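Hello,

Here is the structure for you to look through. My notes on it follow below.

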Amino acid sequence: MPYPQNLETAKEVERIVRENGAVPATIAILDGTPCVGLSVEELERLAILGTRAQKTARRDIAHVVACGGNGATTVSATMLFASMVHIPVFVTGGIGGVHRHSEQTMDISSDLTELGRTPVTVVCAGVKSILDIPRTLEYLETLGVCVAAYKTNEFPAFFTESSGCKVSCRVDTPEDCASLIEASIKLKLGTGILIAVPIPQEHSTSGHIIESAIQKAIKEAREKNITGNAETPFLLARVNDLTGGASLAANIALVKNNALVGAKVAVALAQLRENCQRKHVVWSFCFGKKKATR
């Protein structure tokens, strides 16, 4: 997102999280230091830096830290830092995935690999629609990642409510999500969970308009030989231009909605764990008392 929309959105997202009972912890690397939770001043600094902050996936973390640089963390890097400090729920717009024409480029986002090995739940609006959604879901299945759709049976397509791809897991409430997360952790599956939340209907962009813009943007990227980690930012920016700003407005709306759902999931998970702990303490106390009276 361009400045100042990025800063306004970041502040609004943190406000939504707080108002729904959770604690926001925006993650970035500043001056070579991984930061979990940013001050208002740090948020503003990162927003002003914009694309001058290095796009930082897992592979880039050591380099950015060693150089004392500034890093805008991708899903893979953010998941890793969240896991290090035991934050179980992470909200973002959409995850990376398998790129279109990946059979020629082998361009597959490290976000997917991270979901296969880091036990953090990612709440998002699905896979960015500039990508190959069916192949991304196949790849996640191979990695053993549980993909759950929120209040729907279909996987959302970021800017639109549905991709036409069915999911095997549906969750209808924050409590459903919390139970799913806790079961995965207790079973020590060691993988992340993807909870895909459809963009609110009033902000959903017409599918054929977006697809037409995506196809044109992909063609331009090929002509300009834009590849690797530069491709996704280019495509998103071009799709926004080609849709007259409609995709950026939709992006901001879906991020806010994800924050709302993610905060409720985090609270439900905390309450579930608290209730389980309370029952465990009561059970332990009663069991000990019976033993003492024998």
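Strand 1 and strand 2 form a hairpin with 2 residues between them, and Asp31 in the turn has a positive phi of about 50 degrees. Strands here are DSSP runs of E with at least two residues, and helices are runs of H or I with at least four, both numbered from the N terminus. This is a predicted model, in which local features need pLDDT of at least 70 and side-chain atom pairs count only at pLDDT 80 or more, while totals for chains, interfaces and linings use all residues. Residues are numbered from 1 along each chain as its sequence is written, and side-chain values use heavy atoms, without hydrogens and water.

The pairing of strand 1 with strand 2 (residues 33-36) is antiparallel, over 4 bridges; two strands pair if DSSP finds at least two bridges between them. Pro34 in strand 2 is the bridge partner of Ile29.

In a regular strand, side chains alternate between the two faces of the sheet. In strand 1 (residues 27-30), Ile27 and Ile29 on one side and Ala28 and Leu30 on the other are all buried. Buried means under 20% relative accessible area, exposed over 50%, and partly exposed in between (1.4 Å probe, protein chains only).

Thr152 sits in the loop between strand 7 (146-150) and strand 8 (169-171). Thr152 counts as buried because its relative accessibility is 17%. Apart from neighbours within four places in sequence, Thr152 is in contact (heavy atoms within 4.5 Å) with Val167, Arg170 and Pro198. A polar atom of the Thr152 side chain lies 3.2 Å from the backbone nitrogen of Glu154.

Regards

Conventions
A polar contact is a pair of N or O atoms within 3.5 Å; within protein, one must be able to donate a hydrogen and the other to accept it, and residues adjacent in sequence count only if both atoms are side-chain atoms.
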